[in-house]
Amino acid sequence: MKYNITCIPGDGIGPEIVNAAKNVLNTVGKKFGHEFVFKDILMGGASIDVHGIPLTDEAIADAKSADAVLMGSIGGDTNTSPWYKLEPSKRPEAGLLKIRKELKLFANLRPAVLFDDLSDACVLKKETSDRGFDLIIVRELTGGLYFGERKTFEENGVRTAIDTLKYDETEIKRIAVKAFEIAKKRRCKVTSVDKANVLDSSRLWRAVVNEVSKDYPEVKLEHMLVDNCAMQLVKDPGQFDVILTENMFGDILSDEASMITGSIGMLASASLNETKFGLYEPSHGSAPDIAGMDIANPIATILSAAMMLRFSFDLNKEADAIETAVKKVLSQGIRTKDIAISGEATVGCKKMGELIAENI
Ligand code: IPM
Ligand code: MG
């Protein structure tokens, strides 16, 4: 079979990690008899430099016409990059928000897994890391504060700004359904995270999630306040299976969840719409400080490519092959700089990609 993949190398370390993932996909293609055809588009700073805006209509059309999108990372140093002197709607991140909205990618899946071979890198207490954890955050991605009305104005001579947190029941229902469907294939537990002791949007969230849960009697549902969840993630992450939450809470909790694995360079993510179409990207950012140095960890991007094979193309064997190759390379003690313990020898981004490809 032939699959058309639109790639967004983006900014910072993006081009290096996407190249490593393409290399792995080509190897999978050869081994399993598929053809992956890549087409690169510009987004973020890379697009601003060429077109003056972070995402063009042509780029959106290219992404829409593909079978799936594989992304590296976008954005630069917000203190020093000239991209951040532009008005907010022209900055790199605006491109990412636009593509999420245009492609209707409302479901963002962010697994956080403690890899056995890397448990030494876990920042939690040893007794906690010994118990391990394997959770997935299901984050609503096209609503809430990110897309509500916002404005900055002066009121009686005082500078004032407003952002709006709005959800309707259809937006809550479709993401809740995704979370329950995923939980059914895992350990059958959903923790829905909100701030229902304060926010109306959270009270509606809770009510709708309760309604959806009636269709999934086999899945255990619990509700947790977001501040408590932030605490529980460091105290006892093993209690979680699927965490379901709105856009902003999911943004914050997913960074926390990735950090407790000790290896943010390892974590993949998928952003899906109602169909099998998705955009796949590492959970980490563009790391402008190490861009072009060939020291970035490509594993999160390579694992995102595996998620693409699984979720968008139903190529489960092929996805397994990538995940197994990653584990093999780690068990051989091969490390990029970010996951090495001090003194350990390391390999670069390109080499890590090649070694994973060789193990497929
Ligand atoms: C993420 C990022 C984005 C977000 C930024 C870059 C707009 O932090 O994907 O988590 O907040 O969604
Ligand atoms: Mg984030």
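How far is an oxygen atom of ligand 1 from an N or O atom in the side chain of Arg139? The distance is 2.8 Å.

The views below show a predicted model, in which local features need pLDDT of at least 70 and side-chain atom pairs count only at pLDDT 80 or more, while totals for chains, interfaces and linings use all residues. Residues are numbered from 1 along each chain as its sequence is written, chains are lettered from A and ligands numbered from 1 in the order in which they are written, and side-chain values use heavy atoms, with hydrogens and water left out.

View 1. Polar contacts are pairs of N or O atoms within 3.5 Å. The side chain of Arg110 places an N or O atom 2.8 Å from an oxygen atom of ligand 1. For Asp251, a polar side-chain atom is 2.9 Å from a ligand 1 oxygen. Ligand 1 taken alone exposes 320 Å², of which the protein buries 75% (Shrake-Rupley method, 1.4 Å probe).

**View 2. Helix 4.** Helix 4 spans residues 92-102, and its buried residues are Pro92, Ala94, Gly95, Leu96, Ile99 and Arg100. Helices are DSSP runs of H or I with at least four residues, and strands are runs of E with at least two, numbered from the N terminus. Buried means under 20% relative accessible area, exposed over 50%, and partly exposed in between, with a 1.4 Å probe and protein chains only. Just after helix 4, Lys104 has a positive phi of about 55°.

**View 3. Two loop residues with positive phi.** Asn156, not a glycine, has a positive phi of about 50°. Its loop joins strand 6 (150-155) and strand 7 (158-163). Asn156 counts as exposed because its relative accessibility is 80%. Asp294, also a residue other than glycine, has a positive phi near 55° and lies in the loop between strand 12 (278-282) and helix 10 (299-311). At 34% relative accessibility, Asp294 counts as partly exposed.

**View 4. Ser73 in strand 3.** Ser73 lies in strand 3, residues 68-73. Its relative accessible area is 2%, so Ser73 is buried. The Ser73 side chain reaches the backbone nitrogen of Gly14 at 3.4 Å.

Notes. Polar contact = N/O pair within 3.5 Å; in protein donor to acceptor, adjacent residues only side chain to side chain.
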